[in-house]
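Here are a few exercises for getting to know a ligand site. Work through each one with the structure open, then check your steps against the solution.

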Amino acid sequence: MARSPLLNVMTQTALKAGRSLTRDFGEVQNLQVSMKGPADFVSNADRKAEEIVFQELSRVRPDWGFLMEERGAIEGKDTQHRWIVDPLDGTTNFLHGIPIFAVSIGLERDGEVVAGVVFNPAMDELYSAEKGGGAFLNDRRLRVAARQKLPEALFGTGAPFLGRGDHARFLYEFRQVMSETAGVRRLGAASLDLAYVAAGRLDGFWERDLQPWDTAAAAVIIREAGGFISGIDGSKFDHLQGDVACGNEAMHKALLGQLQIAENAFRAPRA
Ligand code: IPD
Ligand code: CA
Ligand code: CA
């Protein structure tokens with residue numbers, strides 16, 4: 001596959017940050033014995049990966065801005081372009097030695113995300129896409145799954161956890177979707193969940209309260225793989241809003257329907 005120079009830069013950057021994460025992932029498994037040790041080590045691994053992404057992209061495009069999980073928003077001289085970066089998506093997995101984590105880099109142009117890469121170094125899987133250029137897993141062209149029926153479909157989601165999100169509302173959604181489908185997975189790295197929809201591994205995915213760096217890059221990949229993506233209420237997808245639902249056209253629609261049923265049940269007055 002021929003990558004554009006920009007997508008090439010994003011790819012090389014994700015690979016470099018990924019190599020740093022791989023070294024630290026090997027190490028973290030030796031640190032599991034102490035409680036504090038691994039957590040500190042992982043935040044350090046996270047910061048190191050972010051530094052690599054920041055240095056590499058600043059070198060190539062010194063005037064472009066950033067929106068990064070750790071550093072926050074950094075305005076560039078060129079206000080048209082901005083990199084949206086999660087240096088380590090799936091921190092909890094990483095901390096626990098589970099090899100489902102990724103570097104995610106999106107490129108925003110005039111407020112729209114036009115290119116994205118999501119790299120899982122533990123599986124050596126690089127998902128990439130550029131608006132109009134198709135989506136790829138390494139060098140293989142991606143297409144969302146073709147399934148049309150909910151009972152055959154496998155969905156991903158993100159469950160809220162201690163101190164985060166609306167647990168009661170999520171349980172309504174989970175109960176509704178699990179009762180109508182072949183299953184629901186909670187993989188623990190939103191960028192990869194979305195990439196898995198693009199790759200046809202999952203038929204759809206939904207999650208609330210995400211951040212721009214979780215969804216920006218992967219949203220381009222889903223669209224370029226022929227998928228549909230929106231807010232959970234069916235509104236136009238906006239990477240700056242936190243809610244996402246996606247799938248192929250039929251599964252996206254069906255998922256929105258199930259989530260609406262769940263929302264109605266959640267909102268209904270209870271005795
Ligand atoms: C988290 C992961 C997780 C999602 C959380 C995110 P982090 O990102 O994507 O799957 O459920 O909402 O915050 O903290 O590992 O970068
Ligand atoms: Ca992160
Ligand atoms: Ca994240």
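A pocket here is an open set of grid points where a 1.4 Å probe fits, with protein on both sides within 12 Å along at least five of seven lines. Keep in mind that this is a predicted model.

**Exercise 1.** Find out which pocket ligand 1 takes up, and which residues come nearest to ligand 1.

*Solution.* Start with the space: what ligand 1 takes up is the largest pocket. Next, look around the ligand, where you'll find 14 residues. Of these, Asp89, Gly90, Thr91, Arg186 and Glu207 come nearest.

**Exercise 2.** Track down polar contacts to oxygen atoms of ligand 1, using a cut-off of 3.5 Å between N or O atoms.

*Solution.* Take Glu207 to begin with: a polar atom of its side chain is 2.5 Å from a ligand oxygen. Then go to Thr91, where a backbone N or O atom sits 2.8 Å from an oxygen of ligand 1. As for cover, ligand 1 has 380 Å² of accessible area on its own, and the protein covers 87% of that.

**Exercise 3.** Work out where the shell around ligand 1 comes from and how its residues divide.

*Solution.* Domain 1 (5-141) and domain 2 (150-267) each supply at least three residues. Among the elements, strand β3 (residues 78-89) gives the most, with three residues. Sorted by type, the shell has seven charged, four nonpolar and three polar residues.

Note on methods. Residues numbered from 1 in each chain as written. Chains lettered and ligands numbered in written order. Predicted model: local features only at pLDDT ≥ 70, side-chain atom pairs only at ≥ 80, totals over all residues. Heavy atoms only, no water. Near = heavy atom within 4 Å. Polar contact = N/O pair within 3.5 Å; in protein donor to acceptor, adjacent residues only side chain to side chain. Areas by Shrake-Rupley, 256 points an atom, 1.4 Å probe, with all protein chains shown as cover. 1 Å grid on protein atoms, 1.4 Å probe; cavity = no way out; pocket = protein on both sides within 12 Å on 5 of 7 lines; lining within 4 Å. Sits in = over half its atoms within 2 Å of the grid points. Helix = DSSP H or I, 4+ residues; strand = E, 2+ residues; numbered from the N terminus. Nonpolar A, V, L, I, M, F, W, Y, C, P; charged D, E, K, R; others polar. Domains from an automatic or database assignment.
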